[in-house]
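Open the model in your viewer and keep the selection tool at hand. The tour goes from strand to strand, then on to the rings.

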Amino acid sequence: MSDLSRRKLITSGLAAAAGVTSLGVAARIAQRYGLVPPDHGGIYGLGETLTYASQRLLTRHSLAREFSRSQISKRPVPNEMPPLNEAFKRLQAGGFADWRLSVDGMVARPGTFSLAQLKSYPTRSQITQLACEEGWSYIAEWTGVPLSHVLELVGIQPQARYVVYFSIDPDWWESIDMADALHPQTFLAYGMNGDELPVGNGGPLRLRLPRQLGYKSVKFITHLTVTDSLKGFGKGLGSASTEAGYAWYAGI
């Protein structure tokens, strides 16, 4: 059976189970095929499971819409952010020359990368929309290195399931599954609209995940951990998810 036919069969089963019997049965089907999100508990858990499983089966390799240069927003919104801490201010004063991205966890070669190193790797650009859960959005050209390239350099282990990414703000982190981590549009972005990435928009380094809502594109990235479980990473599933009650999977 082809992958496409298999996906259609499983998706049909999920839909039938949800429509004819119950979400609980659909959730058990999703679990059988490893399609259960980390936030599958609670009163919304069954719905989150069905959403995530359906999205992964139908849109795993889909691309976010890319726009023309004429559609770039004139005023990219630097949305509200917490006060920058002293560590950030020191790095900013030095032109971010000492900024480092560390990668650890389930990798063969844990490593640390400077901005200069990241900029020396294959560069990609995309003109995509950042859509905020608050209702506003803007289109910008983002430049950076695909996250998949950095993960290839450190050698992710086969059993890895998630990438947890942390801001220099210690209470700001999120996570994605390997399908999104290895997706060609998932960037470690260091440039915007032909220039350096402004601090207000997450500079010097942020994750850009155009297939999900804005809160998944965490600013000021300094650390990645590759893991097979999100247990032990603190209460909740990241600061945005915890504080606002947002879903772990925010696909659009």
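Start in β10: select tyrosine 162 and threonine 227, its bridge partner in that strand. This is a predicted model, in which local features need pLDDT of at least 70, side-chain atom pairs count only at pLDDT 80 or more, and totals for chains, interfaces and linings use all residues. Residues are numbered from 1 along each chain as its sequence is written, and side-chain values use heavy atoms, with hydrogens and water left out.

**The sheet**

Strands (E, at least two residues) and helices (H or I, at least four) are DSSP runs numbered from the N terminus. Two strands pair if DSSP finds at least two bridges between them.

Now select β5, residues 162–167. β5 and β10 pair in the antiparallel sense, over six bridges. Move to tyrosine 165: leucine 224 in β10 stands opposite.

Next, select β1. This strand pairs with β10 in the parallel sense over four bridges. Pick serine 102 and find histidine 223, its bridge partner in β10.

Zoom out. Five strands form an open sheet with mixed pairing, in the order β2-β1-β10-β5-β6. β2 (111–114) and β6 are the edges; each has a single partner strand, so one side of each lacks a neighbour in the sheet. From one strand to the next, the twist averages 20 degrees. Axes are lines fitted to C-alpha atoms, for helices over the stretch in contact, and angles run from 0 to 180 degrees between N-to-C directions.

How is β10 enclosed? Six of its seven residues are buried, so the rest of the structure largely encloses this strand. Buried means under 20% relative accessible area (1.4 Å probe, protein chains only).

**The rings**

Show the aromatic side chains. The structure holds 15 aromatic pairs. Rings of Phe, Tyr and Trp (its six-membered ring) pair if their centres lie within 6.5 Å; planes under 30 degrees apart count as stacked, over 60 as edge-to-face, the rest as tilted.

Select tryptophan 173 and phenylalanine 233. Their ring centres are 6.2 Å apart and the planes meet at 40 degrees, so the pair is tilted. Tryptophan 173 is in β6 (173–177), while phenylalanine 233 is in the loop between β10 (221–227) and α8 (239–244), 60 residues apart. Both tryptophan 173 and phenylalanine 233 are buried.

Then select Phe88, Phe96, Trp99, Trp172 and Phe220: they form one aromatic cluster.

Technical notes
Buried means under 20% relative accessible area, exposed over 50%, partly exposed in between (1.4 Å probe, protein chains only).
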